[in-house]
Amino acid sequence: MTVEQPPTAQKFRSPTTEAPVVRLLLIGVAVFCMGLFFVLPMAVVFVEAFARGVWPYLANFVDPEVVASIQLTLLVAAITVPLNALFGISAAWAIAKFSFPGKTLLVTLIDLPFSVSPVVAGLIYVLLYGVNGVFGPWLVAHGIGIIFAVPGIVLATIFVTFPFVARELIPLMQEQGVGDEEAALSLGASGLSTFLHTTLPNIRWALLYGVLLCNARAMGEFGAVSVVSGHLRGLTTTMPLQIEMSYNEYNFVGAFATATLLGALALVTLAIKTLLETRYGDEIAGARRV
Amino acid sequence: MNLEIGGLHKDYGKTPALHDVNLSIRSGELIALLGPSGSGKTTLLRIIAGLDFPKSGHVLFGGEDASHKRVQDRNVGFVFQHYALFKHMSVFDNIAFGLRARPRRARPSEAEIAVRVNALLELVQLPDLAKRYPAQLSGGQRQRIAFARAMAVEPRLLLLDEPFGALDAKVRRELRHWLRDLHTRTGHTTVFVTHDQDEALEVADRVVVMNKGKIEQIGAPDEVYDDPVSPFVYEFIGESSRFDVEVFSGKPYFEERPVGLPFNSLQDGPQAIYFRPQDTIVEEPTPGLINGVVRGLRRSGAARRLELAIGANERIVEAEAPDDRHFGVGQRAGLRLKRGGAFALAG
């Protein structure tokens with residue numbers, strides 16, 4: 001059964017809806033910009049990577065330098081992400097559940113890496129731990145290499161990815177308050193058991209989401225890592241640096257082939273992120289970052 | 001278990017939250033802490049639980065000093081206003097939580113836990129909900145599950161923080177009877193916080209009225225309602241009106257006219273007289289009564305009330321309308337008090 005609409009019904013529309021022309025125009029602009037700035041470049045990466053066929057593409061991934069860069073990137077992420085998760089949970093816990101002097105300062109400091117250029121972040125570490133840096137002579141004397149070595153890359157990556165997990169958790173934990181924890185404690189649970197059985201389950205999806213973003217950034221970071229790495233082939237080049245080096249040597253297929261890996265990582269991250277958002281949106285919801 | 005609280009002081013920064021609070025609760029009593037927000041009632045409850053700690057004073061559980069014990073070691077059942085059920089656990093796991101959290105040697109077997117949990121679900125009259133999750137329950141059901149969870153650990157004391165505060169009026173009334181009934185059956189010594197006087201008067205054995213961090217009055221609901229010991233209790237609980245008199249040589253004067261009041265002796269000086277509408281008789285205006293003009297008539301539940309404007313500044317007081325005589329708006333009437341409270345005014 002179709003219900004007869006009164007002829008005047010079409011003249012009315014919701015006060016927040018625009019005229020069809022305006023709507024079309026707005027959607028068109030958005031889609032065009034997305035295509036121009038994101039979809040097209042992404043497509044170019046894949047087209048260039050396969051420009052000379054599948055074999056040159058695959059050959060890139062048996063190049064020892066490329067393999068080393070992939071291994072290094074995975075290593076850096078494997079160190080950075082758990083550390084940041086740990087830091088993020090502690091910081092969010094402290095900020096959301098306690099009040100202490102200097103709390104506002106801590107919140108501000110957590111955001112610092114978002115506002116500092118990654119290159120500056122890298123330079124800070126060079127000035128501190130480089131051969132001519134503050135701790136340089138002591139480090140040299142004890143044979144510890146940080147700058148132009150893997151520890152420097154890890155440090156720079158930690159700096160850049162510092163806020164990801166904490167920023168995800170702070171608003172959520174603030175909103176949740178301490179009610180569940182108090183309930184668990186009053187039922188006789190120990191501190192650890194309270195954390196494992198009430199706090200962690202309450203934040204698990206937001207935590208996973210933060211870890212995911214943190215991981216994507218840790219693998220993709222270029223600026224800060226570039227400054228501290230020294231570009232030693234097969235030793236201190238991560239995937240983004242390897243891509244740049246291949247490109248500068250006119251090895252376009254190699255550069256874009258490695259780039260497809262990072263691109264695929266981005267796509268997978270996006271897919272998981274979207275899945276998490278649709279399924280656990282309420283739990284993840286909190287202040288979206290700048 | 002008897003509960004003894006002595007000399008509690010607590011402040012948040014400069015604002016005092018509790019000031020010299022003393023209270024003793026007998027085993028099996030159901031006690032209401034009643035007061036407006038900011039009166040310190042929740043702070044007192046949290047201190048009893050061990051979720052908060054006083055600046056000074058002591059809390060004795062059955063004669064044993066619990067002041068420095070952690071909440072985990074006090075063995076109290078705490079029910080929160082917003083339930084605080086564990087969202088990711090089924091109703092069964094929520095109730096079993098406290099038993100499973102026990103150290104291994106004191107922990108019952110899973111079979112024993114299942115028996116306990118099912119018995120508690122019966123007790124709170126929700127036997128079919130074991131497999132549900134909190135999000136699938138109504139507010140009233142959630143709070144009853146929270147009660148079951150708190151009782152699972154065999155607490156020595158049941159502490160309820162505005163247990164029905166988040167529920168709508170009808171469910172609140174149902175749960176009041178349910179709580180009274182539950183208490184009769186289980187006999188847990190219970191302290192509950194509320195700002196709802198009807199709830200406190202209807203459910204509790206004794207009511208502790210709190211204001212600004214101090215206890216104003218402790219007594220059975222009838223005592224607190226019929227014989228308030230302070231202007232605050234008169235104003236906070238039930239309906240009351242007030243007028244001021246001046247006392248010379250033991251005789252009260254309302255605006256320079258002598259009036260008869262139901263008090264044996266009155267201190268000289270200015271006094272505030274508080275009374276309840278139902279403790280009045282309205283008559284023809286006569287010297288010696290509090291005389292005024294009827295300003296309104298209204299219905300309040302079963303009773304009919306007269307609003308009288310009395311004295312030069314036409315203060316409005318409320319009185320019970322007499323059955324045998326009709327007073328219309330604008331008519332003059334005289335007010336006689338059957339009982340009331342007189343409180344000396346400072347200065």
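**Helix packing in chain A**

I began with a pair of helices: α3(A) passes α7(A) in a right-handed crossing. A reminder to myself before going on: this is a predicted model.

I then looked up the geometry of this pair. Helix α3 (residues 64-97) of chain A packs against helix α7 (residues 150-161) of chain A at an angle of about 40°, and their axes are 10 Å apart. Because of that angle, α3(A) counts as oblique to α7(A).

Which residues make the contact? From α3(A) I noted Val76(A), Ile79(A), Thr80(A), Leu83(A) and Asn84(A), and from α7(A) Ile153(A), Val154(A), Thr157(A), Ile158(A) and Thr161(A). Sorted by class, the residues of this contact are six nonpolar, four polar and no charged.

Next I turned to α3(A) and helix α8 (residues 163-176) of chain A, whose axes come within 8 Å and cross at roughly 30°. Angles under 35 degrees count as roughly parallel, so α3(A) is roughly parallel to α8(A). Here too I wrote down a right-handed crossing, with α3(A) passing α8(A).

On the α3(A) side of this contact I found, among others, Asn84(A), Phe87(A), Ile89(A), Trp93(A) and Lys97(A). Their partners in α8(A) include Phe164(A), Val165(A), Leu169(A), Ile170(A) and Met173(A). By class, the contact of α3(A) with α8(A) has 14 nonpolar, three polar and one charged residues. Asn84(A) is on my list for α7(A) and on my list for α8(A).

**Nonpolar cores**

Which residues touch the most other members of the largest nonpolar core? I got Ala32(B), Leu33(B), Leu159(B) and Val208(B), out of 96 residues in that core. Helix α5 (residues 139-152) of chain B supplies the largest share, seven residues.

I followed up on Leu159(B). Leaving out residues up to four places away in sequence, Leu159(B) touches Leu45(B), Ile48(B), Ala49(B), Val76(B), Gly77(B), Phe78(B) and Val191(B).

I also found a second, separate core of 52 residues, including Val154(A), Val165(A), Cys214(A) and Met219(A). Two of these were already in my notes: Val154(A) from the α7(A) contact and Val165(A) from the α8(A) contact.

**Where chain A meets chain B**

Last, I checked the interface: 13 residues of chain A are in contact with 16 residues of chain B. On the chain A side, the elements giving two or more residues are α9 (179-186) and α10 (191-220). Of these, α9(A) gives the most, with six residues. I sorted the chain A side by class as well, and got five nonpolar, six polar and two charged residues.

Definitions and conventions
Residues numbered from 1 in each chain as written. Chains lettered and ligands numbered in written order. Predicted model: local features only at pLDDT ≥ 70, side-chain atom pairs only at ≥ 80, totals over all residues. Contact = placed C-beta atoms within 7 Å. Helix = DSSP H or I, 4+ residues; strand = E, 2+ residues; numbered from the N terminus. Nonpolar A, V, L, I, M, F, W, Y, C, P; charged D, E, K, R; others polar. Axes fitted to C-alpha atoms, helices over the stretch in contact; angles between N-to-C directions. Parallel < 35°, antiparallel > 145°, perpendicular 65-115°, else oblique. Left-handed = near helix turned anticlockwise from the far one by under 90°. Core = buried A, V, L, I, M, F, W, Y, C linked by C-beta atoms within 7 Å. Buried ≥ 20, exposed ≤ 12 C-beta atoms within 10 Å, placed from the backbone.
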